[in-house]
Amino acid sequence: MNVTETLSQGLKREFQVVLNAADLKTRLDDSLQDLQGKARINGFRPGKVPVAHLRRLYGRSVMSDVLQNAVNEANQKIVADNNLKLAFEPQIRFPENKEEIEAAMEAKGDLAFTVALEVLPKIELADLSDVSLVKPVAEVPDADVDAALERMAAGNRSYSPKGEKAKAETGDRLIISYVGTIDGKAFEGGTGEGIPLDLGSGQFIPGFEEQLEGVKQGESRTVKVSFPENYGAAHLAGQPAEFAVTVTEVQKPEAAKIDDELAKAFGIESLDALKTAVREQIGRDFAAQSRRKLKKSLLDALDGKYGFELPPTLVEQEFAAVWSQVEADMKSAGKSFADEDTTEDAARADYRKIAERRVRLGLVLAEIGEQAKVQIADDEVTQALIERARQFPGQEKQVWEFYRKNPQALAEIRAPIFEEKVVDHLLGQVKVADETVSREALFADDEAEEAAEAKPKKAAAKKTKKAEAKADDASA
């Protein structure tokens, strides 16, 4: 096997590999000899099948395996001999000349092929001793605890019949049955019976609830609406529909009570204990937001410390993922780029910068983690996997098995654990000072920062522009 480097340009490498005919014949003969001891063919004793007969029966199949093994061997040799870290699996280009391929398959001619590689850049870690970060922290206001208790009480309140002649108004609950039709035909998912509907909740499609204002128990109405253009079911999106609605009962809400009984409804022994639990939960939310902002500040600082060539394919893949979400958000909002005071070309340029940032930070964090020998314990992965499975009630076992049997999917579980450990490592190397802020300041939207950085981010693009903040999840 002869290997010659033919291209070294930036992060791209190409090598020509030549497998000579004699080497191919030796590999083929060795494989057939090995097969001879295993083959079971009618008319021959085990281990006694002539090699020539095996060559006639399985020669091409065995040679295919020989060539695949030779390619794998060449790839490993190239990586090891040149001390390369690959960004992607090698791309193999075989000769277009079919006669050359056929000759190699018969071990009667040399086979030359090209191995194209894209390598990771060498990253020299920057000095972070001059980095100073501010960690915003906020106390949990009593008003937030009270508001949370009020929401819990409102969601747990009971309803009682309002009376046969009473008219429904906002805040009342209706028990309804309905049949939906489009062009006079019932459609899947358009029928319901005994369905509770809280007027003013917005739980049904726009225009539905408003047409039931003032309805009485036992009354029937025809509700005419149109499904939103961005409705989840594509066959219904934008379609005009009619619903024949019958109101079984009109109910009024009882007073929302914040007392020990409310606490017990949530499995907690007393109101005081519930208040403590609510305060602790809000505190965890505050801590998570504080961590997110600190992490973003850290990543901003890292981004300013590094500037190196990025693997083009990695950038393209990241950009494709980001841009796909941009387009989905635009479609969902029914907006165009003109509506957002930009153009598609300008937006593409800005989102490509986001993709480049995410790739750059991902590579930096990976290098830092490698040099710091950051390790992930098996129980950490197991716990994360349990949490992921819990997100799919009733399907926990299937989710668990899926990840356990798919190393690439399991890597998606490991990646954020690794990233957070690297972030913890970095936070131990920089100066961090706490700053007490208000709740409003802690949760203030980052749109102002984003607008200063790139500028194509308005209504429909906001959600995806936070992909920049999701460089907080740079290795994802």
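The crossing of helices α7 and α8 is right-handed, a crossing being right-handed if the near helix is turned clockwise from the far one by less than a right angle, and left-handed if anticlockwise. This is a predicted model, in which local features need pLDDT of at least 70 and side-chain atom pairs count only at pLDDT 80 or more, while totals for chains, interfaces and linings use all residues. Residues are numbered from 1 along each chain as its sequence is written, and side-chain values use heavy atoms, with hydrogens and water left out. Helices (H or I, at least four residues) and strands (E, at least two) are DSSP runs, numbered from the N terminus.

**Helices α7 and α8**

- The axes of α7 (residues 312-333) and α8 (residues 344-371) come within 8 Å and cross at roughly 130 degrees; axes are lines fitted to C-alpha atoms, for helices over the stretch in contact, with angles from 0 to 180 degrees between N-to-C directions.
- The two helices are therefore oblique to each other, since angles under 35 degrees count as roughly parallel, over 145 as roughly antiparallel, 65 to 115 as roughly perpendicular and the rest as oblique.
- Residues of α7, including Phe319, Val322 and Trp323, meet residues of α8, among them Tyr351, Ala355 and Val359, where contact means heavy atoms within 4.5 Å.
- By class, this contact has eleven nonpolar, no polar and seven charged residues, with Ala, Val, Leu, Ile, Met, Phe, Trp, Tyr, Cys and Pro counted as nonpolar, Asp, Glu, Lys and Arg as charged, and the others, Gly among them, as polar.

**Glu367 in α8**

- Glu367, which is found in helix α8, counts as buried because its relative accessibility is 14%; buried means under 20% relative accessible area, exposed over 50% and partly exposed in between (1.4 Å probe, protein chains only).
- Leaving aside neighbours within four places in sequence, Glu367 is in contact with Lys85, Ile123 and Leu125.

**Arg221 in β9**

- Arg221 is found in strand β9 (residues 220-226) and, at 24% relative accessibility, counts as partly exposed.
- The side chains of Arg221 and Glu219 are joined by a polar contact of 3.0 Å, that is, a pair of N or O atoms within 3.5 Å of which, within protein, one must be able to donate a hydrogen and the other to accept it, residues adjacent in sequence counting only if both atoms are side-chain atoms.
- A polar atom of the Arg221 side chain also lies 3.0 Å from the backbone oxygen of Glu213.
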